[in-house]
Amino acid sequence: MSEIINVTRSSMPDYEEFCAEIKDMWETHWLTNMGVKHQTLEKELKEYLDVPYITLFTNGHLALENMLEGIGVKGEIITTPYTFASTTHAIVRTGNTPVFCDINDEDYTIDVNRIEALITEKTVAIMPVHVYGNLCDTEAIDRIAKKYGLKVLYDAAHAFGVRKNGVSSAAMGDVSMFSFHATKVFNTIEGGALCYNDGKLERVFADLKNFGIHGPESVTYVGGNAKMNEFCAAMGLCNLRHLDEEIAKRKVAAERYDERLGNVKGIKLNKRQSGVESNYAYYPAVFDGYKYTRDEIFDRLAAENIIARKYFYPITNSFECYRGRPGFDVDDTPVAKHIGDSVLTLPMYADLSVETVDRICGIILK
C-alpha cells in the first residue's frame, strides 16, 4: 500500500532543536502565563511581520472573537462566505450579523465592487478574508471604509508572511488576525495572533485573554482565558527560524503544479497576484468544464491514498446551523457557490517533493 499523501503536513523543526528550545522549562517550571518563550516569540513576530503591536492567543478563532469584542463593534459586518467556519461563527457568536458579499472569480477574495451596495445604517465593519495566500484589494477596501467610517478587520489566517508591494499583510486594516494552527505555513501547534497599529488596543486585548487581571489583587475587566502556552511559543520560535526556507520549498512545489496543470482545458489554477509575495499556503485548482468533475478527481486521488480537500466547501452561508436564518442564502453569492462546488486544494507543504507532485498530476491527467 502506497504512503498516504495528506493535503498538508505540519512543518516541524528537528527534534533536537525543539528539545533544546524547551530544556530550560524543566528548570523554571514556567509553562504558561506569558513566560519568556511567549515574550520572545511576540518580539520576534513583531520584527518579522513589521508591525508595532501583536497579541498572541491560544488559537486563531479566539483571536477573532476577542478582536470583535475588543474593537467594540456591534451590528452588521460585511464579509464573505468563502472562508472557514471560524470567520462566520466569530461574527455570530459575538452578537453581530454577517452580511455576505460575493467573491471575485480571479483570486477568490471579496468582490470590492459589491461592498457599497450592502452598507446600511447598521453596518459597523468590513471583515474581508485573504485566501490561499492571495490578498484582498486592500486599497479599495480602505477607500470604502474611510468613506463610510467603518472598521476593517482582516481574517488573515492564510496570509502569514505575505507582502504587497513591500507592505506586510499584518499592517493592513485596523486589525489583522493570523492563525498558527498546525496546518498553516507558520505554526505554533495551536495558536493565533492579532496585529494592529493602535497601541490603546494592547491593554484591551491583554484584558480579554487573561481575565482582566492587572495584578495579584486587581481585576478590572470581565475577560476570558485565551493565553498561548510556553510549549506552543517554543514551537513557534523554532519554526520561525526556518520559515523563509519552508516558503521557498512550497514555491518549488507550486511551480511544478503550474507547469503540469497550467495549460489544461477545464482546470483553473490560482493566478499569481501582481506585486504580492505569496506564502504558497494552499494550492487550489478549480475543475470547471474538465473531463472529470471535482468530486470525481477527489475520489480518484483518494483511491491512490492522496488526500485532497474541498476547501472551501460547503461555503458558510449554507451551513446546517444557519439554515433558515435571514441573510444566509447561497443564491446571493453565486460566484462563491460555484467556486466552492468546483474547487479542490491539492497537497501542498514544504516537504512535498516534485516527484510526488508529478504523481498527483499524472492521476489528474490520466
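Visitor: Where does threonine 87 lie?
Guide: In this predicted model, threonine 87 is part of helix α5, which covers residues 85-93.

Visitor: And is threonine 87 buried or exposed?
Guide: Buried, because its relative accessibility is 0%, and the cut-off for buried is under 20%.

Visitor: Which residues does threonine 87 touch, leaving out those up to four places away in sequence?
Guide: Its contacts are Leu64, Thr79, Met127, Val129 and Asp155.

Visitor: Switching to strands, how do β2 and β4 pair?
Guide: They run in the parallel sense, with three bridges between β2 (residues 76-79) and β4 (residues 123-126). Across that pairing, isoleucine 77 faces alanine 125 of β4.

Visitor: What about β4 and β5?
Guide: That pairing is in the parallel sense too, over two bridges, and β5 takes in residues 151-155. Here isoleucine 126 stands opposite valine 152 in β5.

Visitor: Which helix does the chain pass through from β4 to β5?
Guide: Helix α6, residues 138-148, and the β-α-β crossover is right-handed.

Visitor: Zooming out, how many helices and strands are there in the chain?
Guide: There are 12 helices and 15 strands. The radius of gyration is 21 Å, close to the 21 Å from the globule rule for 366 residues, so the chain is as compact as a globular protein of that length.

Visitor: How much of the chain counts as buried?
Guide: Of its 366 residues, 54% do. The accessible surface is about 16,300 Å², with 51% of it belonging to carbon and sulfur atoms.

Visitor: And what share of contacts between residues at least 6 apart in sequence joins residues at least 24 apart?
Guide: For this chain, that share is 70%.

Definitions and conventions:
Residues numbered from 1 in each chain as written. Predicted model: local features only at pLDDT ≥ 70, side-chain atom pairs only at ≥ 80, totals over all residues. Heavy atoms only, no water. Helix = DSSP H or I, 4+ residues; strand = E, 2+ residues; numbered from the N terminus. Buried < 20%, exposed > 50% of the residue type's maximum accessible area, 1.4 Å probe, protein only. Contact = heavy atoms within 4.5 Å. Pairing = 2+ DSSP bridges. Right-handed = clockwise from strand over helix to strand, strands pointing away. Rg over C-alpha atoms; globule rule 2.2 N^0.38 Å. Areas by Shrake-Rupley, 256 points an atom, 1.4 Å probe, with all protein chains shown as cover.
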